[in-house]
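I opened this notebook to keep track of what I looked up about aromatic rings and their surroundings.

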Amino acid sequence: MIRRSLIFVAIAFAVYVGLALALVAWPPPAEKEVTTQATGELTDLVRSGDLGQPAAPEFFVARDGAKRLYRRYLGSGPDVLVFLHGSGSDAQYLARFARSIAELTGVTVVTPDMRGHGAAPGRRGDVDTVVQQEDDIADLASALKASKPFKRFLVGGHSIGGGLAIRYASGDRQPRPDALLLLAPYIHRSSPAARADSGGWATPFVPRFAGIDMLQRLGIHAFDGLPVLRFEIPRSARDGTETPLYSWRLFASVTPRPDWKADILRIVCPVLVLGAEQDAIFRSEGYTEIFASLQQARVEIIPSINHFRLVTSPESPQRIQAWLARQM
């Protein structure tokens, strides 16, 4: 009887692992050639020339010895804001936004290229561990403080960078944020702000996601570095520094944890969420429900702009200025 049970367990285990491996090996979906609303809006933004001139690259050394790139927009005051870019890109497109925040509020804005992205990505589209982005933010803060001590430490981000900002603020890294500034943040595919495939911007490799998840339940992480997500970046918006493919590890490292509601509840600092009324990637109306549990959170939806125009509209910095003035 015991031998028969062991044989049954072995067969079930083999079938489970075999199915998981088959899902991991499942071919990714073909690249989309159809222009969606989101990709069309990104093309318009790039062609508009409204993004501004990026600040010169600077570098800090992370705890693993890697040189990580960031850009600094000096403000007149004692506070610093580390602001994180969106998916598939790097921090250069945040130049106009960052400079406006620095000029209006006096806060020095620092925009790092997240690990796996930009001109010096390390391994493009991948990271070593799911906590490496949080480590990098903490290491960047330490480097900034060593060069010029700051008073308040603010963290923020646009799109998936907002997801990483939430992940950092809800974790245990130091320094803790004194405030959180989120522009159309990614939350989770099951959240009230989600759209299917992010409105055509992202293509998940669903079978591979499922297969890796199955293997992780057995403690198998051999395939965590495989790509599981593709961003449909238009050819007109590519210059060789984009990151169209994310590994499972990279995606997990820049998004809230699977229990995203618990992540939200762990945030203890004041939070400002700015959504775009015409956002084709996320459902802005969902942010009110998502952050309703946080008394210290404020959600504002800016009318008549889309997901990408949040970083070029003068209204975003103005609303941030007004909100920060109330936090003093």
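Is Y186 buried or exposed? I found Y186 buried, with a relative accessible area of 12%, where buried means under 20%, exposed over 50% and partly exposed in between (1.4 Å probe, protein chains only).

I noted that this is a predicted model, in which local features need pLDDT of at least 70 and side-chain atom pairs count only at pLDDT 80 or more, while totals for chains, interfaces and linings use all residues. Residues are numbered from 1 along each chain as its sequence is written, and side-chain values use heavy atoms, with hydrogens and water left out.

Next I looked up ring pairs, for which the rings of Phe, Tyr and Trp (its six-membered ring) must have centres within 6.5 Å, with planes under 30 degrees apart counted as stacked, over 60 as edge-to-face and the rest as tilted. By this rule I have 10 aromatic pairs. F150 and F153 are stacked, because their ring centres are 5.6 Å apart and their planes at 25°. F150 is buried at 12% relative accessible area, and F153 is buried at 1%.

Y186 and F282 make a tilted pair, 5.9 Å from centre to centre with 55° between the planes. F282 is buried too, with a relative accessible area of 6%. I also saw that ring pairs link Y186, F209, F251 and F282 into a cluster.

Last, I checked for charges over rings (NZ of Lys or CZ of Arg within 6 Å of the ring centre and within 35 degrees of the ring normal). K145 lies over the face of F150, 5.0 Å from the ring centre, and K67 lies over that of F59 at 4.9 Å.
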